[in-house]
Amino acid sequence: MKLYSLSVLHKGSTKANLLKAAYDLSSFSFFQRSSVQEFMTFTSALIVERSALGSRASVKEQEYLCHVYVRNDNLGGVVIADSEYPSRVCFTLLDKVLDEFSRQVNSIDWPSGSPATVQYTALDSHLAKYQNPREADAMTKVQAELDETKIILHSTMESLLERGEKLDDLVQKSEHLGNQSKAFYKTARKQNSCCEIM
């Protein structure tokens, strides 16, 4: 999972104006980086130009996903990530960045601003922080912890039965379970066998 670009743009009547951008191009060769950065800047502007006000969208381009959010006040943001990166986290990042940007940079400066003139320095730190969605986003972190707990529970049950035992055999041999409980177990086992996850 990787974020490559985070851009803030102003959607004008005919074209989008880049206000600020941050890039992480470390996964590309040194000689490709300037071309890749130009392409990402061009793509970000094009997507904002063609998006309606108040809209969110994800656009797939080869193995990359471009997530765009254009607010009703003509301020837009684009995140370019690989296809594995969770889109919900991208839109959370865009919300946060656009809110913060609109508080720090006066809207009068948006139509004529440029990366050199706009005084907003947080994009690089946001791009770095959100490289790991589990650390940056609380919901993703909780989901990852739940997934790990589920894996631990499955491995614990498997380790209990590793010695060639099967739960079915243990149920049959048990003196503590009544016939009704054994019948319930068999019925439940049959019901769950169709939706068992491996």
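Seven helices and five strands make up the secondary structure of the chain, where helices (H or I, at least four residues) and strands (E, at least two) are DSSP runs numbered from the N terminus. Along the sequence the pattern is β-β-α-β-β-β-α-α-α-α-α-α. This is a predicted model, in which local features need pLDDT of at least 70 and side-chain atom pairs count only at pLDDT 80 or more, while totals for chains, interfaces and linings use all residues. Residues are numbered from 1 along each chain as its sequence is written, and side-chain values use heavy atoms, with hydrogens and water left out.

**Burial**
- Of the chain's 198 residues, 38% count as buried, meaning under 20% relative accessible area with a 1.4 Å probe, protein chains only.

**Aromatic pairs**
- The chain has five aromatic pairs; rings of Phe, Tyr and Trp (its six-membered ring) pair if their centres lie within 6.5 Å, with planes under 30 degrees apart counted as stacked, over 60 as edge-to-face and the rest as tilted.
- One of them is the tilted pair of Tyr4 and Phe28, at 5.6 Å centre to centre and 55° between the planes.
- Tyr4 lies in strand E1 (residues 3-11) and Phe28 in the loop between strand E2 (16-23) and helix H1 (33-49), so this pair ties together parts 24 residues apart in sequence.
- Tyr4 also forms an edge-to-face pair with Tyr64, at 5.3 Å and 85°, and Tyr64 belongs to strand E4 (residues 64-70), 60 residues away.
- Tyr4 and Phe28 are both buried, and Tyr64 is buried at a relative accessible area of 19%.

Notes
Buried < 20%, exposed > 50% of the residue type's maximum accessible area, 1.4 Å probe, protein only.
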